[in-house]
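Here are a few notes to go with the model. Have it open while you read.

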Amino acid sequence: MISDRIAGAPISWGVCEVPGWGYQLTPERVLSEMRDAGLKATEFGPDEFLPSDPAQKASTLASYGLAAVGGFVPAVLHDPSHDPTPVVDRALDGFVAAGAGVLVLAAVTGEEGYDERPTLDARAWNTLFDNVDRLSARAKARGILLTLHPHVGTVVEREYEVRRVLEGSSVPLCVDTGHLMIGGTDPLALVREVPDRIRHMHLKDVDASWAKRVQQGEVTYTDAVRSGMYRPLGRGNVDVAGIVGTLERAGYTGWYVMEQDTILTGAPEGQGPLADVLASVAYLRGLDG
C-alpha cells in the first residue's frame, strides 16, 4: 500500500537550510500538522529544526507519532582538497541513534544557496565518484542506505550530469521528481530506465512554465519557488501517477516523501502550507485505488 509509505518533509512548510529562505515555522506546528495529515514518518529537515541529540530527536518525532526516515545531507564531494567524511560521519551518528534508514546526499557547490554552480572538470568528477562510492560503503557498514540526490544548484543537476553519475558510480539515487524536471531530466523516463538504481523518492509536482524559465536563466531557482513553481501533487506537469505506478510494478518498497518546497513571507493565516499537503496526501492515497 502506497498510503503506508507516505512521509513528509519540513520544506513543505517552508523550513529550509538556506539562510534567508523565508519565515520559519516552529517544529511544534510542523510536526503536529504532519501528524494531523496522517503522515507516517518524516525526514529530519535542516540542522537545528529538531534537537541535535539523536535520542531527543527520535523521541520528539515519536511524540507526534512519526517515524524517522532520515534526511538531506549537503556535502562538497568534488573538491580534491576537501574531505566530506566528517560531515557524513556526524550525520550517520545521528541517523543510527535515531533509527533512521536513509541518508540523502547532495553534491553541493560549497556556496550558499542554489542559484549558481560550477562546471566540473574530469578530476573533479573522479573525486566525486570516489567520494560517493566510499561514503556509500561507509554508510552501509552502519546499516544506513546512502542515496545521491540530483538537485538544482548542485554539481549534479543537468541530465548529462545525472547520466555521468549513473555511468561512473554505483551509488543509488534519491529521485526528486521536481529537481530532475527543472534540471532537464524526464523523471518518468529515468524511473522506467533504471528502476534498480532508485532507492528513495522525493515526490514534487512542478509548473513546467516556471521550470523552463529557471532552465533558461530568466529567473533564479529561489525566485521561482517563491512564485509558486511547486504545486500540490497532481496539479502540475510531472506524471506523478506514472512514476509511482512504474516504481510499484518494479518492486519499489521505499518511502514516498512529499516535498512541495515553499517560501513563507510570514506566519501563515488559517491552514497555510497544510492545505497543499492535505491535497497531495489525498492524491497519493487515491493511487492505491
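1. Leu128 touches Leu77, His78, Ala107, Leu120, Val155 and Val156, leaving aside residues up to four places away in sequence; contact here means heavy atoms within 4.5 Å. Keep in mind that this is a predicted model, where local features need pLDDT of at least 70, side-chain atom pairs count only at pLDDT 80 or more, and totals for chains, interfaces and linings use all residues. Numbering starts from 1 along each chain as its sequence is written, and side-chain values use heavy atoms, with hydrogens and water left out.

2. Leu128 is also among the residues that touch the most other members of the largest nonpolar core, together with Leu103, Leu105 and Met229; that core has 97 residues. (A nonpolar core is a set of buried Ala, Val, Leu, Ile, Met, Phe, Trp, Tyr and Cys residues joined through side-chain atoms within 4.5 Å; buried means under 20% relative accessible area with a 1.4 Å probe, protein chains only.)

3. Helix α10 (residues 240-249) has seven of its 10 residues buried, so it is largely enclosed by the rest of the structure. Helices are DSSP runs (H or I, at least four residues), numbered from the N terminus. Just after α10, Gly251 takes a positive phi of about 90°.

Key
Buried means under 20% relative accessible area, exposed over 50%, partly exposed in between (1.4 Å probe, protein chains only). Helices (H or I, at least four residues) and strands (E, at least two) are DSSP runs, numbered from the N terminus.
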